[in-house]
Amino acid sequence: MIKFVGSFETVESLPKTQFPEYAFVGRSNVGKSSLINAVLGETVARTSNTPGRTQSLNLFNVDDKVMIVDLPGYGYAKVSKEQAMRWLQRLEDYLMNRRQLTRLFILVDSRIGVRDSDLDLMDFCDANGIVYQIVYTKKDKKVREKNQREVSHENHPAMIADVLETSAEKKTGLEPIRNIIGIK
């Protein structure tokens, strides 16, 4: 059973739990909420065609075993610089202080590839020993940019070697994420 725990504006306001947390983050409009819904097999995360809709830390309890965290996107949403900086600070606060964080899934739109903002987050995680895994989304869509940057764990010490490829729409590539999280 999946329960929406709530939307939280600060890391300090998050509930104190002992459940491992698996957080999803990526550039705005990467398909983060759609992927969470596909992985969980239920529509629990709010989706939108408007980039930047997820503005809070959204927690979902899965079978009283794990928590899924839908983090605000970065890098594209049309918001003020001040708002973008608040989101970034909250993300850093979450990553640095949330002991329950077991793995961070950094989502990258497969049509576009890795951007500077993704690399900045990866470098931050590498520098602070925050384990993360790259998940390419929208693998069912046509590639728009031919000369995409490749990323590998050799250059990123905190990165899990396996890069995952998914399509929320076609429901492909979900099983590896479910296995990592420990859900069926």
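**Close-ups of a predicted model**

**View 1. Asp140 lies in the loop between strands E6 and E7 (164–165).** Keep in mind that this is a predicted model. Is Asp140 buried, partly exposed or exposed? Asp140 counts as partly exposed, because its relative accessibility is 28%, which falls between the cut-offs of 20% and 50%. Leaving out residues up to four places away in sequence, Asp140 touches Ser167, Glu169 and Lys170. With Ser167 there is a polar contact, side chain to side chain, at 2.8 Å. Look for Lys171 too: its C-alpha is 9.7 Å from that of Asp140, although the two residues are 31 apart in sequence.

**View 2. Strand E2 (residues 21–26) is mostly covered.** Six of its six residues are buried. Now check the neighbouring strands. E2 runs parallel to E4 (residues 66–70), with four bridges joining the two; Ala23 has Val69 as its bridge partner there. E2 also runs parallel to E5 (residues 101–109), this time with six bridges, and Val25 is partnered with Ile106.

**View 3. The largest nonpolar core has 31 residues.** Nonpolar side chains tend to be buried together in soluble globular proteins. Which residues have the most contacts inside this core? They are Leu71, Tyr94, Leu95, Leu104, Ile106, Tyr132 and Ile134. Two or more residues each come from E2, E3 (57–62), E4, H2 (81–97), E5, H3 (116–128) and E6 (132–137). Helix H3 gives the largest share, five residues. Zoom in on Ile106 and, skipping neighbours within four places in sequence, you'll find contacts with Val25, Tyr74, Leu121, Met122, Tyr132, Gln133, Ile134 and Val135. There's also a second, separate core of 23 residues, which includes Tyr22, Leu40, Val135 and Leu174.

**View 4. Helix H3 has 13 residues.** From first C-alpha to last, H3 reaches 18 Å, close to the 18 Å expected at 1.5 Å a residue. Its buried residues are Asp118, Leu119, Leu121, Met122, Phe124, Cys125 and Asp126.

**View 5. Arg111 sits in the loop between E5 and H3.** Arg111 counts as buried because its relative accessible area is 15%, and Asp109 is buried as well. The side chains of these two residues form a salt bridge, 2.7 Å from N to O. Beyond its neighbours within four places in sequence, Arg111 is in contact with Lys138, Lys141, Lys142, Val143, Arg144, Glu145 and Gln148.

**View 6. Two of the model's twelve salt bridges link Arg90 to Glu9 and Glu165 to Lys139.** Side chains of opposite charge can pair up when their charged atoms come close. The closest N and O atoms of Arg90 and Glu9 are 3.3 Å apart. Arg90 is in helix H2 and Glu9 in the loop between E1 (2–8) and E2, so this pair links distant parts of the chain, 81 residues apart. Arg90 is buried, at 10% relative accessibility. The side chains of Glu165 and Lys139 meet at 3.8 Å, N to O. Glu165 is in strand E7 and Lys139 in the loop between E6 and E7, so the pair ties together parts 26 residues apart in sequence. Glu165 is partly exposed at 46%, and Lys139 is partly exposed at 38%. Salt bridges with shared partners also join Asp109, Arg111 and Lys138 into one network.

Technical notes. Residues numbered from 1 in each chain as written. Predicted model: local features only at pLDDT ≥ 70, side-chain atom pairs only at ≥ 80, totals over all residues. Heavy atoms only, no water. Buried < 20%, exposed > 50% of the residue type's maximum accessible area, 1.4 Å probe, protein only. Pairing = 2+ DSSP bridges. Core = buried A, V, L, I, M, F, W, Y, C linked by side-chain atoms within 4.5 Å. Contact = heavy atoms within 4.5 Å. Expected span 1.5 Å × (residues − 1). Polar contact = N/O pair within 3.5 Å; in protein donor to acceptor, adjacent residues only side chain to side chain. Salt bridge = Lys/Arg side-chain N within 4 Å of Asp/Glu carboxyl O.
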